[in-house]
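Please look over the model below before reading on. The points that follow take up a few places in turn.

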Amino acid sequence: FVNSFQFQLSIGVRMTDYKEEQKSELETLRCIYTSEELCELSDNPYCFEVMISSASLNAFLKVQFELPETYPDAVPKITIPSQSGLADEQIEEIEVLLNQLATENVSMVMIFTLISAVQEKLLEYEKIACESLDKEKREMEEQNKKREEAVYHGTAVTMESFLAWRKAFEEEITLLSSVRVLDDQNVMKLTGRQMFERDASLALSDARFLNEADEDLVITDENVESEEQTAVDIDESLFQDLDDLAIEDD
């Protein structure tokens with residue numbers, strides 16, 4: 001009976017110690033994290049969430065811890081109820097990491113250690129993302145540099161490329177010449193009516209010519225007056241004494 005009582009007493013003392021340890025650890029977490037980062041859900045058992053974020057990744061996740069009665073001698077229940085900006089593979093890696101560290105740290109208060117491990121993991125993801133962006137930037141700059149060099153230097157001419165260009169050029173010239181000959185032949189075969197229908201300016205030029213000719217033939221009163229004004233005035237007195245002149249016969 002004595003041994004049984006001592007055993008129960010030791011268990012009760014130990015249970016009290018668990019509760020005190022859990023309470024003390026939670027008070028420490030309140031000092032480390034803000035109220036926005038630490039959200040307490042219940043105190044029997046202790047259950048709370050810690051939000052961990054990354055500005056570079058524009059991502060966050062909430063890790064929920066539920067402490068069993070015998071924590072830290074037992075592994076806490078760990079879940080990730082919400083997250084944003086992280087791939088499913090990354091969440092799985094974090095879950096594996098948390099469970100592994102929790103098992104390794106049994107009998108020790110471990111919540112801060114587990115949260116720090118997640119923060120380090122996010123820093124690792126940030127580094128990978130930065131390296132990927134730098135690589136893409138370098139590749140893009142290299143591509144732009146190659147385009148600029150191609151524009152500046154042009155395409156190198158070889159004997160094969162020159163012969164291919166000359167052949168294509170001669171074929172194009174031959175085709176254009178044959179088309180021009182066909183057009184000239186078709187023009188020569190056109191009737192007068194077809195020529196006027198094809199080029200309306202021909203009719204306009206003839207009409208203009210006829211109008212100009214008609215304008216030259218029109219006699220107006222103004223033209224008559226101007227001609228009268230330009231007639232030479234004759235002094236008749238010069239011819240009054242013509243009878244007095246002696247005209248000798250030869």
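1. Start with a pair: Phe48 has Phe65 of strand 3 as its bridge partner. Strands here are DSSP runs (E, at least two residues) and helices are too (H or I, at least four), numbered from the N terminus.

2. This is a predicted model, where local features need pLDDT of at least 70, side-chain atom pairs count only at pLDDT 80 or more, and totals for chains, interfaces and linings use all residues. Residues are numbered from 1 along each chain as its sequence is written, and side-chain values use heavy atoms, leaving out hydrogens and water.

3. Strand 2 (residues 46-54) runs antiparallel to strand 3 (residues 59-66), with 8 bridges. Pairing requires at least two DSSP bridges between two strands. The hairpin has 4 residues between these strands, and Asn58 takes a positive phi near 55 degrees there.

4. Strand 3 also pairs with strand 4, antiparallel, over 6 bridges. Leu61 stands opposite Gln83 of strand 4.

5. Ile78 sits in strand 4 (residues 77-84). Is Ile78 buried or exposed? Ile78 is buried, because its relative accessible area is 15% (buried is under 20%, exposed over 50%, partly exposed in between; 1.4 Å probe, protein chains only).

6. Leaving aside residues up to four places away in sequence, Ile78 touches several residues, among them Val63, Phe65, Leu98 and Leu114. Contact means heavy atoms within 4.5 Å. Gln64 is 14 residues from Ile78 in sequence, yet their C-alpha atoms are 5.7 Å apart.

7. Met159 belongs to helix 4 (residues 159-188). Met159 counts as exposed, because its relative accessibility is 54%.
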